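Open the model in your viewer and keep the selection tool at hand. The stops below say what to select next and what is there.

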Amino acid sequence: YALFNNLSDTKTYLEKHLVRLNSINENFRKAILNVENGFMFLQQLEQLVEGARQSKLGIEKKRADAKANKDSLNDQYLKLVDEGRRYHAIVQEFQDECKKTEMLVAKCKEMGIKHSEI
């Protein structure tokens, strides 16, 4: 899911970048014809650069948010792994104690001691 969103965002940004480059290419041809068109071209170019900067800031913020989310999920995962290990150790200890109890009960039966007498 996250990979799809990431690739979709990448596609969107690349399409926007392509539109900007095509716009620069088209307007440059008009700009070289006279000075007034040249100034307009520079203004448009500055707007395009500012738009690209804003897009970059948005992408960097999205990346930072995704990294923070990933780090949070990783911390949660590590806690769950640790809890699973503790659970396994407790279950193993419980099973060992059950075996000891079974052995003691078996010895008591061999010795003729009833369970109610214990």
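Buried means under 20% relative accessible area, exposed means over 50%, and partly exposed is in between (1.4 Å probe, protein chains only). This is a predicted model, in which local features need pLDDT of at least 70 and side-chain atom pairs count only at pLDDT 80 or more, while totals for chains, interfaces and linings use all residues. Residues are numbered from 1 along each chain as its sequence is written, and side-chain values use heavy atoms, with hydrogens and water left out.

Start with D71. At 30% relative accessibility, D71 is partly exposed.

Next, select K61 and D65. Their closest N and O atoms are 3.0 Å apart, in a salt bridge. Both belong to helix α2, where 4 residues, or about one helical turn, separate them. Helices here are DSSP runs (H or I, at least four residues), numbered from the N terminus. K61 is exposed at 52%, and D65 is partly exposed at 44%.

Move to R53 and E50, also a salt bridge, at 3.6 Å between the closest N and O atoms. These residues are 3 apart in helix α2, about one helical turn. E50 has a relative accessible area of 35% and is partly exposed.

R20 is buried without a salt bridge, and E50, its nearest side chain of opposite charge, is 10 Å away; for charge, Lys and Arg count as positive and Asp and Glu as negative, with His and the chain ends not counted. Which residues does R20 contact, leaving aside neighbours within four places in sequence? They are L48, G51, A52 and S55, where contact means heavy atoms within 4.5 Å.

How many disulfides does the whole structure hold? The search finds 0, a disulfide being a pair of cysteine sulfur atoms within 2.5 Å. The sulfur of C98 has its closest cysteine sulfur in C108, 16 Å away, which is too far for a bond. C98 is partly exposed at 29%, whereas C108 is buried at 18%.

How values were computed: Salt bridge = Lys/Arg side-chain N within 4 Å of Asp/Glu carboxyl O. Helix = DSSP H or I, 4+ residues; strand = E, 2+ residues; numbered from the N terminus.
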